[in-house]
Amino acid sequence: MFAEHVKEDLHNCLRCGMCQPVCPTYAVTRMERYAPRGRVQMVKKYLEGDLSITQGLHEALMSCTLCESCAQACPSGVRLDRVFENMRMELHEALGGGFAKRTLFAALQNPMLARLGAKVVRMGQRVVVAPLNIGWRVGKIPLNRFPSFNSIPFRESAGELVPPKGKRKGRVLYFTGCATNFINEHVGRAVVEVLTHLGIEVYIPRGQVCCSVPIFLSGARREALSNVKRNVALLDRSDVDAIVVDCATCGGGLKKAIPHLMEDLSLDGEQARRVAAKVRDVSEIVAERLDELELEKRSPNNRIRVTYHDPCHLVRSMKIAKEPRRILGALEDVEFVEMAGADQCCGGAGSFQFEHVELSAGVTARKKDMIRATGGHVVATGCPGCNLTLRGNLSREDDPQVKHPVELVRDRLRQRQR
Amino acid sequence: MNDNVKQELAAIVGPERITDRPEDLVVYSLDPYTKEHKPDLVIYPLSTEEVSAIMKIAYREGIPVTPRGSGTNLAGETVPIHGGIVMALSKMDKILEIHRENRTARVQPGVINFEFQLEVEKQGLMYPPDPASWKMATLGGNVGTNAGGPRTLKYGVTRDFLLGLTAVLANGDVLRTGGLTMKNVAGYDLTRLLCGSEGTLGIVTEIILRLVPKPPASRTIRADFPRLEDSSDAVAAIVGAGIVPSALELMDQVVISAVEAASHLGLPTDIEAILLVEVDGDEEGLDGQVKKIEKILMEKGASNILVATNKEEVDRLWASRRAAFSVMARLRPNALMEDTTVPVSRLTEMIRKVVDIGKRYEVRIGVVAHAGDGNLHPLVLFDQRDDEEMVRVARAREEMFREAISLGGTLTGEHGIGMAKSQFLPFQLDHVAMWVTRRIKESLDPKGILNPGKFV
């Protein structure tokens, strides 16, 4: 189903090409089928009946990283992100999603299955991959560079309610996302420590499920609805000041993509919009309370050089760019160096890197050059997807480590006397 | 096109760089102009040799070939209106050499203008032609259309920076023109003949460019004019005073109001024109020039003058001009950017005529202009789905062209003829000029396979 109000956007495309130079896949291929203008025109011709759904059309539309740079650059205000999201639904409904994706989505939609899957993967990592040093790769990333899974899901180990340290100054709901829950518990711990340090009570509802962005951005919009509705009902509460995320994709989904999804499918979006209005990236909360942070004294003589990569979903879906930089700038022993092209896609884009290996590798290679040119020791980024891609591909001895900005803050918190 | 020929062509470039998939044919059937036609085949060559081999087969078979860079041209130059092959040169994107001492560069045609600028600047040099599309347009496309831009006023257009070309002719022969020297009078000036020929005489595969030292400093001035006539008088007076600005841009009331309504930059909406003047050069001389310009602007009736002294202020002054296209484009679904150009002294007259034409045909037209060289950019807005409106748009455009020519101007200052204006070319070129043009075309491309349906 293609939303009528998005069809109108197709008539506003001037075909001027101003979207070309910002598109990561066009930069790598220099072929119009991988340029936003090309993709928009394909969608237009499909709707006009000149093109039918084929593997070729599928490839052209699914080989986009959905980085939204084109939508931002368009002089006519064509909402290319929404055009592509609607078209992917058409493709999905005609062609289906493929076995691997269907399995993953089933797991993400069923918390029990997800928990079991994570356990199996962890076992595989510990028993098979690590000791045997197997050289397999998924996409371009060697198996042994994948992060290891948490021994038990973060939400189970963290508890449902974490009290603030010192005087209570606020209360937030923490939407942890799957990455923190199953893989990056260190990020979850950093978020909780920093927030409670700031006097914020952190409520982590057990019932939350996958945000479903990976599901519906692949076109399976209807399939994602059960999770979406469940989360929205759970998150819509008046007793929290904000809904905090540490994942750019969850944040972008809750803030923007989910209300769009409801609108496009002509569903009641009232509750989703209320939730969206409360969603905040953890960096926003920390950045506005920088002077309340009690940080360890660190010598500015021994500074580490840190650069920052803007996740697409953070900088464009959520419009957050200044906050993480302000945080990094406030750390005494951090020398912040801006990289050229910080807001350009890293080439990961979720499953894109495994389905379009060469294209993704080309985009990532450009990003690696930008990062290396800064000479940084650390590249900070607030997205587990970017983190996976960067960590997996930055493999030289002298390459920087990849960290969430909040981890850098947590490492510098002054430990209080109890 | 029969399969044997396709296989023969595929053998030249390999299966990855040739395609007839339906989606590829669709995306190469169009450019910013309103007409479309699908090619039969799209090929992405990487070298002069490949282009030559492809052309030999195309020539033997009589297959039309349309060269294309980024396809951001504005007059339908890259629409393969007779089908055949689209020669997509976008992958030939290497900067082969930048020679600092000689101030020259050798590039492949698919290099993006803006990316080239960045590389050249690292050497303290500048490549002046800066079309509005510079972030996406290729240098090969700039040669094909003889592209200009705001800096043209002071520095000149693409042809003024061309030293030599490698081009593949219709029969596959490789033509080399010009060379690495600034001075070179050996033979006809074939370099300039190819420049602006829109791929109708040959396919450019290598370009030798002249560069200039990058000016170390610049100043930007904005002046608001209650009366349009006064703004053009000021333009003439600045040029007449021996000052050569690096940019002299004008926005008319329609554009000012639209920009202000959308962007709230604090522009006065009760004035008829805004002028933006930029001067560049050595730091020492600039303040004196700014004083002179301010004085002229005051004398000619500017109601308000702002001088930017730092980069932020410069950006703020230019913000309105940069936003103009995007703001105007959002008013209606479709837009055509025209580029009728008149002698500077007739600028006001032409703008008045454009405004009047817009009113009479009930077509929304806003005018921005590279005022210093009389180059108007009337932005014509419409909805392509409305047939009746399209008739009015066509009439309005034709009248605009006739008026420009009657004022001693031209149909097109920097966008080209393509499909959009080929029928109007005889308005401007007399029968002798048309005869010479046709004879040149026939002698270089006797089968008429190079970008047919365009230009002549």
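1. In this predicted model, the secondary structure of chain A amounts to 22 helices and 11 strands. The radius of gyration of chain A is 21 Å, close to the 22 Å that the globule rule gives for 418 residues, so chain A is as compact as a globular protein of that length. Taken along the principal axes, the box filled by the C-alpha atoms of chain A is roughly 70 × 45 × 45 Å.

2. Among the contacts in chain A with a separation of 6 or more, 78% are accounted for by residues 24 or more positions apart.

3. The domain assignment divides out domain 1 (4-95) and domain 2 (295-410) in chain A, and the C-alpha centres of these two domains of chain A lie 28 Å apart. Where they meet, 11 residues of domain 1 of chain A are in contact with 14 residues of domain 2 of chain A. On the domain 1 side, helix H2 (residues 24-29) of chain A supplies the largest share, four residues, and by class this side consists of six nonpolar, four polar and one charged residue.

4. Between the chains, 29 residues of chain B are in contact with 25 residues of chain A. On the chain B side, the elements that give two or more residues are helix H2 (22-27), helix H11 (311-329) and strand E16 (334-337) of chain B, with H2(B) giving the most, five residues. The side of chain B that touches chain A has 13 nonpolar, seven polar and nine charged residues.

How values were computed: Residues numbered from 1 in each chain as written. Chains lettered and ligands numbered in written order. Predicted model: local features only at pLDDT ≥ 70, side-chain atom pairs only at ≥ 80, totals over all residues. Domains from an automatic or database assignment. Contact = placed C-beta atoms within 7 Å. Nonpolar A, V, L, I, M, F, W, Y, C, P; charged D, E, K, R; others polar. Rg over C-alpha atoms; globule rule 2.2 N^0.38 Å.
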